[in-house]
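My entries follow the order in which I looked things up.

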Amino acid sequence: MTTVVRRTGLTHLDVVARLFDQYRGFYGQPSDPALARDFIRERMERDESVILLAWVDDAAVGFTQLYPAFSSVSASRVWILNDLLVLPEARRKGVARALLSSAAEFARADGALRLELETDHDNASAQALYRAMGWMPYDGTLRFRLPL
């Protein structure tokens, strides 16, 4: 099984939208294919995110979505790895590792200062992978959220 990861755009909108709907479902959201498609289409049309698709043979088996951010203190770009999904049948086969590696390659090529992500406290398998790939937890700041 060889995994190929490529940046994608509107050509694969429906493929990404199906994966994105499943991603939202993983986090307890009801399936809403129209909402998923509209959200992804808008990100693509506005060039507001970078989406990397993982392919095995001719099947899309996972994706990651990166959002741009900036560090004012460092006057540098930062990328936020916001979404990562690997279909159940493709898990434990190196797909997540390939997506994370491709995301890091993209961010480096873009001249970014760093790549960031957050995960649930109880997602031990994801945390183990992140650590194994050189990601480091940081707690020099305390995050706050203001619901609107």
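Which strands does H3 lie across, and at about what angle does H3 run to E4? I noted first that the model is predicted. I found that H3 lies across E1, E2 (50-56), E3 (59-71), E4 and E5. Its direction is at about 165 degrees to that of E4.

Entry on the sheet. I recorded an open sheet of five strands, ordered E1-E2-E3-E4-E5, with mixed pairing. I saw that E1 (3-8) and E5 (114-116) are the edge strands; each has a single partner strand, so one side of each lacks a neighbour in the sheet. On average, neighbouring strands are turned by 30 degrees against each other, direction ignored.

Entry on strand pairing. I reminded myself that strands of a sheet pair through backbone hydrogen bonds, either parallel or antiparallel. I then looked up E4 (residues 76-86) and E5, which run parallel and are joined by three bridges. Opposite Ile80 I found Glu116 in E5.

Entry on the helix pair. How are H3 and H4 packed, and how far apart are their axes? I noted that H3 (residues 95-109) and H4 (residues 124-132) pack at an angle of about 50 degrees, with axes 11 Å apart. Angles between 35 and 65 degrees count as oblique, and H3 and H4 are therefore oblique to each other. Their crossing is right-handed. I listed the residues in contact: Ala96, Arg97 and Leu100 from H3, with Leu129, Tyr130 and Ala132 from H4.

How values were computed
Residues are numbered from 1 along each chain as its sequence is written. This is a predicted model: local features need pLDDT of at least 70, side-chain atom pairs count only at pLDDT 80 or more; totals for chains, interfaces and linings use all residues. Side-chain values use heavy atoms; hydrogens and water are left out. Axes are lines fitted to C-alpha atoms, for helices over the stretch in contact, and angles run from 0 to 180 degrees between N-to-C directions. Helices (H or I, at least four residues) and strands (E, at least two) are DSSP runs, numbered from the N terminus. Angles under 35 degrees count as roughly parallel, over 145 as roughly antiparallel, 65 to 115 as roughly perpendicular and the rest as oblique. A crossing is left-handed if the near helix is turned anticlockwise from the far one by less than a right angle, and right-handed if clockwise. Contact means heavy atoms within 4.5 Å. Two strands pair if DSSP finds at least two bridges between them.
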